[in-house]
Amino acid sequence: MFVPEPTADGSYTFFSEAFGEAFHSRQGARQEAINKFALPCLLDRRARALEVVRVLDVCYGLGYNTAAAIATVWEANPRCRVEVVGLEADLRVPQQAVAQDLLRDWMPPVPELMAAIAVEGAVRTPQVAARLLVGDARETLQQVAAEGFQADAVLLDPFSPRRCPQLWTVEFLGAIARCLAPGGRVATYSCSAAVRTALLMAGLRFGSIAWGSRSPGTIACFDGMEVPPLTLPEREHLQTRAAVPYRDPRLADDSEAIRQRREREQETCALEATSQWRRRWREVLL
């Protein structure tokens with residue numbers, strides 16, 4: 001059983017013993033879902049412009065990101081239909097979140113919808129169609145791509161690259177890009193140089209999402225329109241060994257094999273040592 005742990009905004013998260021990380025920022029699980037995922041994807045704007053908004057929630061977890069996406073759409077346009085595909089490895093996580101009533105504070109009927117998604121695996125009403133695909137996201141994402149699903153917003157929320165490198169690789173993010181609609185956006189909490197390099201290799205332009213006192217997230221899209229520019233330290237970070245991306249050519253390797261492959265590439269590349277970059281920008285990074 002997952003035990004709810006409080007975060008700074010009064011919402012709760014879980015801690016994953018398997019990955020050694022919490023599912024959300026300690027600064028506020030709910031606010032992270034809103035400010036690092038729903039709002040940077042401009043879902044309010046998409047809702048006012050479109051009859052249907054489509055969301056791909058990668059690593060659905062407790063369901064906060066989907067809840068934030070649906071609430072943001074309906075606050076902007078209550079008549080807009082929302083279609084959601086969620087990818088999740090462990091169905092116990094959303095089910096425990098619902099069982100412990102952690103989504104109760106979202107606007108109605110969002111809590112009821114989230115309960116149906118977690119318990120039944122899918123929900124369909126005149127205003128929403130949502131389903132969960134359970135399993136390795138590398139496999140379920142290929143199913144989504146084969147169906148031709150094109151997301152207006154991709155909520156990319158795996159555990160950190162060092163803990164879960166298989167969901168941050170060049171190949172996986174390339175598959176994410178193939179599921180992104182023209183004008184759509186990918187949002188993630190990560191500002192990893194390796195992740196940003198992989199996004200660039202997928203044909204995406206990106207900028208930083210500033211929220212809270214810790215590291216920024218990343219927002220990416222095809223055209224780069226209205227994407228905040230990177231700072232000079234961020235641009236230089238992409239020229240260091242930290243920017244060597246994770247690779248998983250068959251989308252099937254285990255995490256250790258993926259980490260070792262990257263380490264070998266880092267050892268032989270001509271990029272600047274990340275420690276030198278960190279010393280140069282020490283005062284900025286504090």
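In what order do the 8 strands of the open sheet stand?

**View 1. The open sheet of the predicted model.** The 8 strands follow the order E7-E8-E6-E5-E9-E10-E12-E11, with mixed pairing; strands are DSSP runs of E of at least two residues and helices are DSSP runs of H or I of at least four residues, numbered from the N terminus, and two strands pair if DSSP finds at least two bridges between them. Strands E7 (122-124) and E11 (205-209) stand at the edges with a single partner strand each, so one side of each is left without a neighbour in the sheet. This is a predicted model, in which local features need pLDDT of at least 70 and side-chain atom pairs count only at pLDDT 80 or more, whereas totals for chains, interfaces and linings use all residues. Residues are numbered from 1 along each chain as its sequence is written, and side-chain values use heavy atoms, with hydrogens and water left out.

**View 2. Strand E5 and its two partners.** Of the 7 residues of E5 (residues 52-58), 5 are buried, that is, under 20% relative accessible area with a 1.4 Å probe and protein chains only. E5 pairs in the parallel sense with E6 (residues 81-88) over 7 bridges, where valine 52 stands opposite arginine 81. With E9 (residues 151-156), E5 pairs in the parallel sense over 4 bridges, and aspartate 57 stands opposite leucine 155 there.

**View 3. Strands E9 and E10.** E9 and E10 (residues 180-188) run parallel and are joined by 5 bridges, with alanine 151 opposite leucine 180 in E10.

Note on methods: Buried < 20%, exposed > 50% of the residue type's maximum accessible area, 1.4 Å probe, protein only.
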